[in-house]
Amino acid sequence: MVHPVTDTCSWGEAIRRHAQRRDGDIALVSAQGETSWAHLDQLATRLAHLYLARGASADSLVAIALTNDLACVVAAIACWKVGATPLVLPANLTTAERRALLTVAEPALLVGTADLEEATAGQAPPRIPSPLADSAHCPTTPLPETVSRYCRATCSGGSTGTPKIIVDHTPASCDPDTGTYTMPAGSTTLVPGPLYHSGPFLNSFWTLLGGGCLVLMERFDPEATLRLITSRQPHYLGLVPTMMLRIWRLPETMRRACDTSSLQRVVTSGAPCPPWLMRSWIDWLGPERMVEAYGASERVGGTLISGPEWLSHPGSVGKPTLGRQVRIVGSDGQVLPPGAIGRVFLHGGDQPDTFHYLGAEPERSADGWVTLGDLGYLDDEGYLYLTDRETDMVVTGGANVYPAEVEAAIEAFPGVLCAVVIGLPDDDLGQRLHAIVESAQRLELSTLQAFLGERLSRSKLPRSLEQVSGPLRNDAGKVRRAELRAARLSSTMPRHFDPQLNS
């Protein structure tokens with residue numbers, strides 16, 4: 001069989017080629033309005049010239065501290081035009097957290113907000129506070145094509161006190177005339193998540209590299225998401241379960257009024273989706289459009305399950321894709337049989353060397369398998385089911401309880417927007433389950449208690465419950481359990497009510 005020859009180029013060159021062909025067509029919709037392909041490429045080329053003037057070069061790491069907007073997209077593309085690697089920093093970090101990450105990253109250049117200077121200790125690298133304004137005087141002359149050795153870097157671990165940088169070993173090269181991964185060329189993609197998170201970042205740039213239109217939200221809002229689906233008619237939408245829950249909690253009339261006819265693929269990832277929520281979305285949009293994915297920023301392995309498959313394997317995150325492999329390993333290091341819960345180990349198949357860390361070392365087995373701390377099991381057909389993360393498990397009264405299961409039960413209760421379950425010290429049980437529940441209105445405790453009693457065994461019922469009105473998860477759907485637990489152990493623990501559910 002003769003395979004067609006592809007015209008591969010750097011990611012920076014791919015953007016330039018689309019700009020030459022598409023010129024006035026819209027490449028990006030953001031808080032700044034519509035940006036044409038020609039304008040996007042001109043902005044990125046100007047900034048790339050400034051990068052070179054400030055000392056960035058091939059294989060440099062460039063730290064970007066910008067919100068989800070035009071400037072952040074341009075800053076990343078400019079990196080690929082000079083062969084550098086972009087690192088988008090989380091927007092809500094404290095100065096201490098940002099300093100810790102920058103100490104690990106040692107970037108050649110800082111791009112973004114003024115507090116970056118405060119966050120750097122010692123000799124700080126050059127900084128570009130306002131990339132679009134600061135580069136306005138630079139030329140738009142195309143730069144020599146250079147392929148970034150590493151296409152991106154991602155922050156991880158800041159909430160645990162051990163920040164690390166995940167460097168993706170994928171070279172920044174592609175064929176701009178073909179789709180990337182599961183996204184056909186020319187797709188319109190709605191991205192409601194933050195670019196500092198792996199999923200939204202990849203969805204955004206896979207779209208642009210394939211000549212599609214990126215609709216980028218400054219931050220997630222459930223009603224605004226439905227309005228954009230109707231007005232911009234995206235083909236592809238990526239959501240974390242928290243976003244799905246908030247959309248589902250909107251009035252049904254609002255959801256029904258949304259024109260979802262353009263949606264071809266809605267992918268949930270970032271955390272296991274509660275089965276009741278996945279089934280609700282399948283009932284709404286149809287199984288053929290719903291997909292659940294499991295993977296990590298390390299790109300060492302991943303699984304995928306379609307809606308029709310999910311209906312036959314409810315709760316599963318699917319089977320490995322792209323030749324990758326999954327196995328479950330017990331505490332003794334032995335591979336476990338189907339149905340047994342253990343640590344999930346991943347292998348990249350033909351591409352085992354997919355990443356490296358700055359500031360940490362991955363846990364690898366002697367034969368190259370990697371675990372990221374997730375617990376789960378495989379069924380007889382090889383479908384993976386996740387139970388929780390190993391570090392999140394709570395041992396209470398001698399029983400192992402996985403918070404994700406309890407959280408899913410609480411979030412199924414009407415009015416709940418999010419739930420986080422942690423373990424707190426208990427003289428009798430060792431640890432007791434404490435549930436922190438985000439809700440817009442005051443919950444009826446007795447009704448919630450009865451609701452959970454029908455869904456959870458006695459050992460899994462929270463012994464105390466706290467209601468809060470502020471968000472428990474960040475824009476990427478991630479939760480800082482260690483931080484929440486530390487706050488509850490302090491004398492200033494905020495608590496709207498804390499009943500004994502199991503007295």
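Two strands pair if DSSP finds at least two bridges between them. I took helices (H or I, at least four residues) and strands (E, at least two) as DSSP runs, numbered from the N terminus.

**Entry 1: ground rules.** I am working with a predicted model, where local features need pLDDT of at least 70, side-chain atom pairs count only at pLDDT 80 or more, and totals for chains, interfaces and linings use all residues. Residues are numbered from 1 along each chain as its sequence is written, and side-chain values use heavy atoms, with hydrogens and water left out.

**Entry 2: the sheet.** I looked up leucine 190 and found leucine 237 of E13 opposite. The strands concerned, E11 (residues 188–191) and E13 (residues 236–239), pair in the parallel sense over two bridges. Both belong to an open sheet of nine strands with mixed pairing, in the order E3-E2-E12-E11-E13-E14-E15-E16-E17. Strands E3 (33–36) and E17 (319–320) stand at the edges with a single partner strand each, so one side of each has no neighbour in the sheet.

**Entry 3: helices across it.** Next I checked helix H8 (residues 222–232), which lies across E2, E3, E11, E12 and E13 and runs at about 170° to E11. Helix H3 (residues 70–81) lies across E2 (26–30), E3 and E12 (213–216), at about 135° to E2. The angles run from 0 to 180 degrees between N-to-C directions, with axes fitted to C-alpha atoms, for helices over the stretch in contact (heavy atoms within 4.5 Å).

**Entry 4: serine 10.** Last, I visited serine 10 in strand E1 (residues 9–10). Serine 10 is buried, at 2% relative accessible area (buried means under 20%, with a 1.4 Å probe and protein chains only). Beyond its neighbours within four places in sequence, serine 10 contacts Glu145, Thr146, Val147, Ala172 and Ser173.

Technical notes
Buried means under 20% relative accessible area, exposed over 50%, partly exposed in between (1.4 Å probe, protein chains only).
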